[in-house]
Amino acid sequence: MEELMRILKEVKPGLEFEGRTDLATSHDLDSFDIISLVSELNDQLDIDIPVEEIVAENFDSVEAIQKLIESCE
Amino acid sequence: MQSNITYRLDETSNRFPNKEGYIDENQKLTFGEVQTKALNLASILVEKKYFKMPIAIYMEKSVDVIVSFFASAYSGNFYSPIDVTMPEARINKIMEILQPKVIISKRELKDSLVNFAGEAEIIFIDDIDMEKRNYTNVYQQRDKTCDTDLLYVLFTSGSTGIPKGVTICHRSVIDYIDCIQDIFGFTEKDSIGNQAPFYFDNSILDIYISMKTGATMYIIPSNVFTWPIPLLQYLDEKEITTIFWVPSAMTAVAKLGALKKVDLRKSLKRILFCGEVMSNKILNIWRKYIPDAVYANLYGPTEITDACTYYIVNRQFADDEHLPIGKAMDNTDILVLNNDNKPVKTGEIGELCVRGTSLSMGYYKSPEKTKEVFVQNPLNNEYPERIYRTGDLAKYNEYGELIYLGRKDFQIKHMGHRIELGEIEMAVSSLSGISVNCCLYDDKRNKIVLFLEDKIELEEVKKRLETLVPEYMLPGRVVYVEHMPLNANGKIDRVKLKELI
């Protein structure tokens, strides 16, 4: 989780992530953020997030993103 | 002869009154309905005696924005779309220049309008019905327009921090759309998947090619654009035949591997892009999965309506090759001039200049700025003839194709937006606690890099800048330097700073 928080802050500094459940649906993370985030997660955590999993519900909260990472490990 | 673009809407709505014309998430209007709604709105403008006046359109991207554009044109006025997500400070700057007599908006935006509407009259599109009336007054007023009258003013980033209003007349759009039609042959059977925001000139092609040919224009919802698979499924479901996107939008889809999951070969046949340099790597991924589509690289600043050159991709490009911007469109002429204002030879680099009917009339209420870049053609000493100096560098390759080689000055392209780094620097320098600053662009990571002598966190800078510049102009990284390096002229040495990126 710590690593994820670090990457999130790198991709989108200034955004409050904790406690949020609408990060993607509210457009606080836009399409450019999602590409950067997915590429950073893939590179830094050495995973391969399948494109089918790149949908709003997997990016709406820190917990959802963490779950997605775990499913790809 | 057509002198006002709306004659084309009349023709198309006569030919295809019941065909779906413009579609967004909440509304589908046929060409007949778009015409009626636009005429009803235009009637109000005519009744109030507005003619050749600036009209600001302030609402979220939707079919109603297009209706408002057409109403403005029918009534002989000119429009300027104002992005609702733009910071208030920038909207105020635009409003100060434009001084609109009328703002067309939606009731739900009533509260935010108070902050900048000033003396302008507000008309809510929610009050416009679809009942057909007698439009003699509107047609009479339209007949008074000339094709050199303004159709719209689009505001772009200005280096001094003041946005520039690019004026475009009816003739420019009429001719531009005719060229596009000649090259790509659109028909009423086409469906266009619109990405470009309406304050961005790429949207001109989408909106007006539909108006001319009866093709259906789908405004792709922004939430669909975030997710590669749903985006491609949307294109598939709506049987979109043509997209005209900025390369960054195409990059996301290709990079994340979505193209191999959704087969678009059946319907998608034209893939056009413009607004920034397309990476050959990304282009090759698209070509691999949709090999039979026509791919075209278009080039052109807002001052030349939308695009003035095109290149239809006809061969494979290696990653390190330049993808050409091709050749001039009909009715447009490209001059690549060297420092002595002479045409360049093959391989020699010069400034790309343009002449033709698609040229802007100049910057709104800014004769000085206009004079700097709309100048006498140096190759013609016989009579007055304007060319536009784009500030872009270009050369001809061995095949006689134009190659774009970047900017002469500090203008950049970021996420498809044209940005003057000077405008960001001006905004940063207005923040308290910051002495000197300099902005550069990291084109490898696609990030705006802000150099500061004062230790202020990126997060804080962004937070404070948010009210001054649009989100796409916010820096993506801050680099601290103890002292800004200076060059021999005493100016900030950008070359040295670039080494720190």
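1. Strand S8 of chain B has residues pointing to two sides. In this predicted model, B:Lys164, B:Val166 and B:Ile168 point one way, while B:Gly165, B:Thr167 and B:Cys169 point the other way. In a regular strand, side chains alternate between the two faces of the sheet. Residues on both sides of S8(B) are buried. The strand covers residues 164-169, and six of its six residues are buried, so the rest of the structure largely encloses it.

2. Which strands pair with S8(B)? One is strand S7 of chain B (residues 150-156), joined to S8(B) by six bridges in the antiparallel sense. Within this pairing, B:Val166 of S8(B) has B:Leu154 opposite it. Another is strand S18 of chain B (residues 362-363), which is also antiparallel to S8(B), over two bridges. Here B:Thr167 has B:Gly362 of S18(B) as its bridge partner.

3. B:Ile5 lies in the segment before helix H1 (6-15) of chain B. Is B:Ile5 buried or exposed? A residue counts as buried when 20 or more other C-beta atoms lie within 10 Å of its own. B:Ile5 has 26 other C-beta atoms within 10 Å, so it is buried. Apart from neighbours within four places in sequence, B:Ile5 is in contact with B:Ala73, B:Leu151, B:His170, B:Val173, B:Ile174 and B:Tyr208. From B:Ile5 to B:Gly193 the separation is 188 residues in sequence and 22 Å in space, C-alpha to C-alpha.

4. The domain assignment divides chain B into domain 1 (1-145), domain 2 (168-408) and domain 3 (411-499). The centres of domain 1 and domain 3 of chain B, taken over C-alpha atoms, are 37 Å apart. Five residues from domain 1 of chain B and five residues from domain 3 of chain B make the contact between them. The domain 1 side of that contact in chain B consists of three nonpolar, no polar and two charged residues.

5. In soluble globular proteins, nonpolar side chains tend to be buried together. The largest nonpolar core here contains 143 residues, and B:Ile57 and B:Phe70 have the most contacts inside it. Helix H3 of chain B (residues 63-74) contributes the most to this core, with nine residues. At least three residues of the core come from each of domain 1 (1-145) and domain 2 (168-408) of chain B. B:Phe70 touches B:Thr6, B:Leu9, B:Val34 and B:Ala38, when residues up to four places away in sequence are not counted. A second, separate core has 21 residues, including B:Ile412, B:Ala427, B:Leu450 and B:Leu468.

6. Chain B also has an open sheet of three strands, in the order S24-S25-S26, with mixed pairing. Strands S24 (437-442) and S26 (477-480) of chain B are at the edges with a single partner strand each, so one side of each has no neighbour in the sheet. From one strand to the next, the twist averages 25°. Strand S25 of chain B (residues 447-452) runs parallel to S26(B), and four bridges join them. B:Phe451 is opposite B:Val479 of S26(B). Helix H14 of chain B (residues 421-429) lies across S24 and S25 of chain B, at about 145° to S24(B).

7. Last, the contact between the chains. Chain A supplies 15 residues to it and chain B supplies 19 residues. On the side of chain A that touches chain B, 10 residues are nonpolar, three are polar and two are charged.

Technical notes. Residues numbered from 1 in each chain as written. Chains lettered and ligands numbered in written order. Predicted model: local features only at pLDDT ≥ 70, side-chain atom pairs only at ≥ 80, totals over all residues. Pairing = 2+ DSSP bridges. Axes fitted to C-alpha atoms, helices over the stretch in contact; angles between N-to-C directions. Contact = placed C-beta atoms within 7 Å. Domains from an automatic or database assignment. Nonpolar A, V, L, I, M, F, W, Y, C, P; charged D, E, K, R; others polar. Core = buried A, V, L, I, M, F, W, Y, C linked by C-beta atoms within 7 Å. Buried ≥ 20, exposed ≤ 12 C-beta atoms within 10 Å, placed from the backbone.
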